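Welcome! Let's take a friendly look at how the parts of a protein chain can be held next to one another. Have the structure open as you read.

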Amino acid sequence: MLHQLSFAIQWHITSACPNHCKHCYMFDKKYKEILSSELSLETQKKFIKSLKVFEKDFSVFFPKIIITGGDPLLKENWYELIRFLKEDGRLVEIMGVPETITYDNIKKTQHRTFSNEFRRDRIYA
């Protein structure tokens with residue numbers, strides 16, 4: 001019997017961040033280009049659709065997708081991406097910074113199954 005392997009994906013969807021932690025790689029000069037060329041929501045959705053094909057072809061499954069960045073809550077359309085992932089049956093975790101936790105952001109996630117982890121990297125620096 002063939003067993004399906006299960007993995008998690010940590011997906012860096014944005015380099016936008018309100019902090020400038022000394023140890024962070026995102027403030028290297030090369031990330032200025034990346035910040036200006038982030039994937040659109042449509043391209044992100046295409047990736048998830050292609051992931052389903054990969055899962056089928058290779059008998060693997062990625063049930064959990066951890067959305068990170070910078071701070072994913074600073075990414076335009078972040079909520080639409082997460083809604084799409086949830087509709088696709090994925091467990092979604094959000095790894096961001098506490099400065100962007102707002103009442104509206106919490107309200108957007110309260111009716112969905114999310115695992116929210118907001119980090120403060122400089123505590124661990």
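Start with Glu55 and Arg90, which are both buried. The two form a salt bridge, with their closest N and O atoms 2.7 Å apart. Keep in mind that this is a predicted model.

**Salt bridges around Arg90**
- Glu55 sits in helix 2 and Arg90 in the loop between helix 3 and strand 3 (91–96), so their pairing ties together parts that are 35 residues apart in sequence.
- Arg90 also meets Asp88 in a salt bridge (2.8 Å, N to O), and Asp88 is buried as well.
- A network of salt bridges links Lys52, Glu55, Asp88 and Arg90.

**Another pair to find**
- The structure holds 6 salt bridges, one of which joins the side chains of Glu38 and Lys75 at 3.4 Å, N to O.
- This pair links distant parts of the chain, 37 residues apart: Glu38 is in the loop between helix 1 (30–35) and helix 2, and Lys75 is in the loop between strand 2 (60–69) and helix 3.
- Glu38 counts as partly exposed because its relative accessibility is 26%, whereas Lys75 is buried at 10%.

**Helix 2 beside helix 3**
- Helix 2 (residues 41–58) packs with helix 3 (residues 78–87) at an angle of about 20°, and their axes are 10 Å apart.
- The two helices, helix 2 and helix 3, are therefore roughly parallel to each other.
- Helix 2 contributes Leu41, Gln44, Lys45, Ile48 and Lys49 to the contact, while helix 3 contributes Glu80, Leu81, Phe84 and Leu85.
- Sorted by class, this contact has 5 nonpolar, 1 polar and 3 charged residues.

Conventions: Residues numbered from 1 in each chain as written. Predicted model: local features only at pLDDT ≥ 70, side-chain atom pairs only at ≥ 80, totals over all residues. Heavy atoms only, no water. Axes fitted to C-alpha atoms, helices over the stretch in contact; angles between N-to-C directions. Helix = DSSP H or I, 4+ residues; strand = E, 2+ residues; numbered from the N terminus. Parallel < 35°, antiparallel > 145°, perpendicular 65-115°, else oblique. Contact = heavy atoms within 4.5 Å. Nonpolar A, V, L, I, M, F, W, Y, C, P; charged D, E, K, R; others polar. Salt bridge = Lys/Arg side-chain N within 4 Å of Asp/Glu carboxyl O. Buried < 20%, exposed > 50% of the residue type's maximum accessible area, 1.4 Å probe, protein only.
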